[in-house]
Number of protein chains: 2
Amino acid sequence: MNAEIVAVGTELLLGQIANTNAQFLSEQLAEIGVNVYYHTVVGDNPKRLERAIVQAQERADLIIFTGGLGPTKDDLTKETIAKHLGRKLISDEAALQTIISYFQKTGRVMTENNKKQALVVEGAKVLPNEHGMAPGMFLKIDTSHYMLLPGPPHEMQPMFRKYGRSAVLDQLEAKERIESRVLRYFGIGEAQLAEEIDDILETQSNPTVAPLAGDNEVTVRITARHQSEDEAVLMIDEMEKRVNERVGEHFYGYGDTSLMRELLKVLEGKNLTIAAAESLTGGLFQSEMTAVTGVSTMLIGGIVCYSNQSKLKLCNVKEDTINNHGVVSEQCAVELAENVRELLGTDIGISFTGVAGPDSLEGHPAGTIWIGISLKDKPTKAFLLNLAGSRNGNRKRTVQYGCYYLLRELKN
Amino acid sequence: MNAEIVAVGTELLLGQIANTNAQFLSEQLAEIGVNVYYHTVVGDNPKRLERAIVQAQERADLIIFTGGLGPTKDDLTKETIAKHLGRKLISDEAALQTIISYFQKTGRVMTENNKKQALVVEGAKVLPNEHGMAPGMFLKIDTSHYMLLPGPPHEMQPMFRKYGRSAVLDQLEAKERIESRVLRYFGIGEAQLAEEIDDILETQSNPTVAPLAGDNEVTVRITARHQSEDEAVLMIDEMEKRVNERVGEHFYGYGDTSLMRELLKVLEGKNLTIAAAESLTGGLFQSEMTAVTGVSTMLIGGIVCYSNQSKLKLCNVKEDTINNHGVVSEQCAVELAENVRELLGTDIGISFTGVAGPDSLEGHPAGTIWIGISLKDKPTKAFLLNLAGSRNGNRKRTVQYGCYYLLRELKN
């Protein structure tokens, strides 16, 4: 099966946004063995959209459209496709109920044009939209497959993951199973990791091994094809073992996870509570922690001690410490971690203090950062980072290092 | 003149990178009044690339290719185009010298395939590459224009800005200027905004008015064409006035800004300090504030009071308040905002307390959120939100509403 992704939206042709939907879908399709041969972007113009449909029909078995399912007059993807395919648009009761209840819940006024979002192409399987109002659609006519997805990535991505992907998989005839597993590494660069497993990369065929640089991390995707799913999984297990014999020290988790999620798993497993004192990170550590559901038994709370004043007043840092060592210091990190732990009576206190940048501070260049970790009944430790990123790159990476070091301390 | 952007590269079709080159070029072309009707992405495959060329020739006056000019075997954009146009490839002496001197300078060994990068299509104007080795090209045959640009954005962007843009401008007959302005709105949906200005959208021609839904926001882009730049700006001013007579209450800023940035501008202008107490947002408000450089004179610090325990211990909320009203209450929001302001001696205290979700709390459904705003010498106010998003959607939106309400209070 080969696919073409057609994004509809004048905002793409004006350069207001990048076509990240095509990237996401291409990655997803590659994972399940569907070849993508073309991406097309076309504006909110029925004539040109119809031309794009005709041409995609000539060269693809599966056409995925994104965008143009909204309530306004320039949203005309499904209207144009329905007309081209000679199908009617009919109102989908479930989608209409979702829309009505959204407006009831938020107390906002539902205008007439919002009902248009509940219209679907006759005969299409409806893909529910759990993060917005316009439903998606999947339709098979002869040997051609059509999928319509909404434009906003936060609606489109979960819809494809939950409903779209399996709708495509059902249509695949291949009897070979494709299994893949993603391994995640922190504290090692992509080039270094690739060098460590150079011979494996050179000789790979099945399973394939693909390193990819991510958000200050490296992932390695191992993909195996086999008629038996069990056999494919065994092949992956074996390759994972080979890779981690070389770089296992930096390995921290599988698939769609993060250092924060892995840390929370350990806190939950060991029944531990935590408090944080954040200077340069300004609440980012705690904000990322509370992004995960169910952390209230672990994160008791903490302090954003961005100014010296708040370090003294809220975190009881000694004036001597700031005068003699400065806030970019091991001593300050240690006091912050110990004091916030004691203030909130938790098992763990963690602190972040240093220079995010772009300017230097107290004579320390941007990127000089101390992380303090205080565990009950153990001597408090501090870790020094020397980062070279932008202000926000440094803040983000500091939080990742905080999770990484704390994970290591808790595993020892 | 209308254009099509053809990006060449299998890495795009595998979803390894997004087609940000098309976005950049579209924005640049819109600025000089060239309409972009299509983007196409095709892999490193001569047959499919040739098909894409044929089709682009049918529908565009200017075809801009990006990618596939490098030294490796799968770089075949110029080879395929030259063959299709019946032109030879010839070595460009200046480009060859650039490549040779690059290798001399870095002390690296120049391999034979690097010379391939100096080949250009016969008859093309060469666009120098000042950030890499492969030169760009511009070629006019009859009424068709072809531009070839390298794939890496840090080479392509400066090349287009310095050489490509003027090469296109030279071909334009119209002397019209195109000006555009983006207006940002919060607290109103795209559908509602579109309905409020429906008659304007229906009758628009010059200037054009285009609403776009963003991150819980709506933007409106007004674009005017006129021979005189001043006249175009006046036309935009007038249209902005007409639009804002209807929806101006929700307008908050121009162009590349955010509610947080607008809030910081006001705090800076009025020389005000702020402290925050965050429950469900878990530090997100302060983290987004500290993402901006130079906020240390404004944000003194604050408390992440995620648990009841931390509301009592760190924020001095009365036990009675929690027992009688709960934490999802106006009373709790008011106390948090007042107490954090007093604790840190700031001009402003802001608080966030409520239910992010997905579960309900104290009998309140997910999305029930109170924002408290305490200004020195004024009665403290609290604002109730009823949001319908995901956990993190609600947290993010709560921070936006916090900025929005505080901005309104400070402007009154």
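Reply: Chain A is divided into domain 1 (2-171), domain 2 (177-254) and domain 3 (259-411), with bounds that come from an automatic or database domain assignment. This is a predicted model, in which local features need pLDDT of at least 70 and side-chain atom pairs count only at pLDDT 80 or more, while totals for chains, interfaces and linings use all residues. Residues are numbered from 1 along each chain as its sequence is written, chains are lettered from A and ligands numbered from 1 in the order in which they are written, and side-chain values use heavy atoms, with hydrogens and water left out.

The part to look at closely is the meeting of domain 2 and domain 3 in chain A. The C-alpha centres of domain 2 of chain A and domain 3 of chain A are 32 Å apart, and eight residues of domain 2 of chain A are in contact with seven residues of domain 3 of chain A, where contact means heavy atoms within 4.5 Å. About 800 Å² is buried between domain 2 of chain A and domain 3 of chain A, 51% of it given by carbon and sulfur atoms; buried area is the accessible area (1.4 Å probe) that two parts lose on being put together, summed over both. Of the area that domain 2 of chain A buries against domain 3 of chain A, Phe186(A), Asn216(A) and Tyr252(A) supply 70%, more than any other three residues.

The side of domain 2 of chain A that touches domain 3 of chain A has two nonpolar, three polar and three charged residues. In this grouping Ala, Val, Leu, Ile, Met, Phe, Trp, Tyr, Cys and Pro count as nonpolar, Asp, Glu, Lys and Arg as charged, and the others, Gly among them, as polar. Between domain 2 of chain A and domain 3 of chain A the count of salt bridges is zero, a salt bridge being a side-chain nitrogen of Lys or Arg within 4 Å of a carboxyl oxygen of Asp or Glu. The count of residue pairs in polar contact between domain 2 of chain A and domain 3 of chain A is one, with both residues at pLDDT 80 or more; a polar contact is a pair of N or O atoms within 3.5 Å, and within protein one must be able to donate a hydrogen and the other to accept it, while residues adjacent in sequence count only if both atoms are side-chain atoms.

For the setting of this part, chain B and chain A bury about 5900 Å² between them, and the contact takes 71 residues from chain B and 69 residues from chain A.
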